[in-house]
Amino acid sequence: MSTDPNDPFWLPGLDGDLSGGGLAEPAAGDAAEVVGPGRLQKVLARAGIASRRVIEDMIVAGRITVNGTVATLGDKADPRSDVITVDGAVISTMPDAITYLLNKPAGTVTTADDPQGRPTVVDLVPGQPRVFPVGRLDVDTEGLLLLTNDGEMTHRLTHPSHGVEKEYLAHVEGSPKPNVLKRLRAGIELDDGMTAPAQAAAVGDNMIRLTIHEGRNRQVRRMCEAVGHPVIRLVRTRIGPIADRQLKPGEHRSLTTKELFALQSAVNLEAPAPRKRGDD
Ligand code: URA
């Protein structure tokens, strides 16, 4: 396998140990802990505006608006997508929002806490603020994984309605012929239903580059298996607009502002325009 950075299909570490197999542990329960919607006073207190008690007084005094509507006690807000003002000034409710890009090495589990004590992807990024994986890669799948404390971003990136592209490079058994690639493109009947149309290209004799929009369990492995080419090694090389050929296995970095904007645009994540009470 190529380790030449000028080769368009090269990813650091792709020539390493090719052992495979195994299932990722579900990241169940993680979503509840990320920064997400909640009572307005909690959202604002978490953003460091004031204590909950003081914020409640401000709400009662009519000093706070959510999306242009004067808030009342009991209102909820989403720090990621709602426009909140205090005394007319828009405030940042996500000062601690962070999104990392990790090049997941094989053998790490995509969860925040593995009951079996195996190394997790969360072990590979800073512990504070706490972040959680966006979606899942199998324990032996390698490559790009986002971790964030931004609940709305996680939700949108993992929700099928947004259909964010995920590109994989699969080293497979045998040499896939054009008709195999055609089948992968058209959709494959799996035990949980047909896969959506995908992009598939041969990259050398026994490598397939597959771009899918769904996130079903072990989807790429099952698709390749179904067409008679079991996966030997699987690397995710792109998530929507995010790719990085320099990041080595086990390394992470924060997304740049430009990448964050690109990602937000890929999931239609834009703050709604302020509106007046009674508009809806
Ligand atoms: N498809 C798979 O088969 N495994 C992954 O980890 C991701 C996509």
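Predicted model: local features only at pLDDT ≥ 70, side-chain atom pairs only at ≥ 80, totals over all residues.
Local features need pLDDT of at least 70, side-chain atom pairs count only at pLDDT 80 or more, and totals for chains, interfaces and linings use all residues. Residues are numbered from 1 along each chain as its sequence is written.

The protein chain has six helices and 16 strands. These are DSSP runs numbered from the N terminus: helices are H or I with at least four residues, strands E with at least two. Of its 280 residues, 34% count as buried. Buried means 20 or more other C-beta atoms within 10 Å of the residue's own, with C-beta atoms placed from the backbone.

Helix α3 is mostly covered, with six of its eight residues buried. They are Gly151, Glu152, Met153, Thr154, Arg156 and Leu157.

An open sheet runs β3-β2-β5-β6, with antiparallel pairing. Its edge strands, β3 (69-70) and β6 (89-90), each pair on one side only. Pairing requires at least two DSSP bridges between two strands. Two bridges join β2 (residues 64-66) to β3. Val66 stands opposite Thr69 in β3.

Which residues surround the ligand? They are Leu137, Asp138, Thr141, Arg218, Gln219, Val220, Arg221 and Leu234. The cut-off is a C-beta atom, placed from the backbone, within 6 Å of the molecule. Helix α5 (residues 219-226) gives the most to this shell, with three residues. The shell divides into three nonpolar, two polar and three charged residues. Asp, Glu, Lys and Arg count as charged; Ala, Val, Leu, Ile, Met, Phe, Trp, Tyr, Cys and Pro as nonpolar; the others, Gly among them, as polar.

Definitions and conventions. Buried ≥ 20, exposed ≤ 12 C-beta atoms within 10 Å, placed from the backbone.
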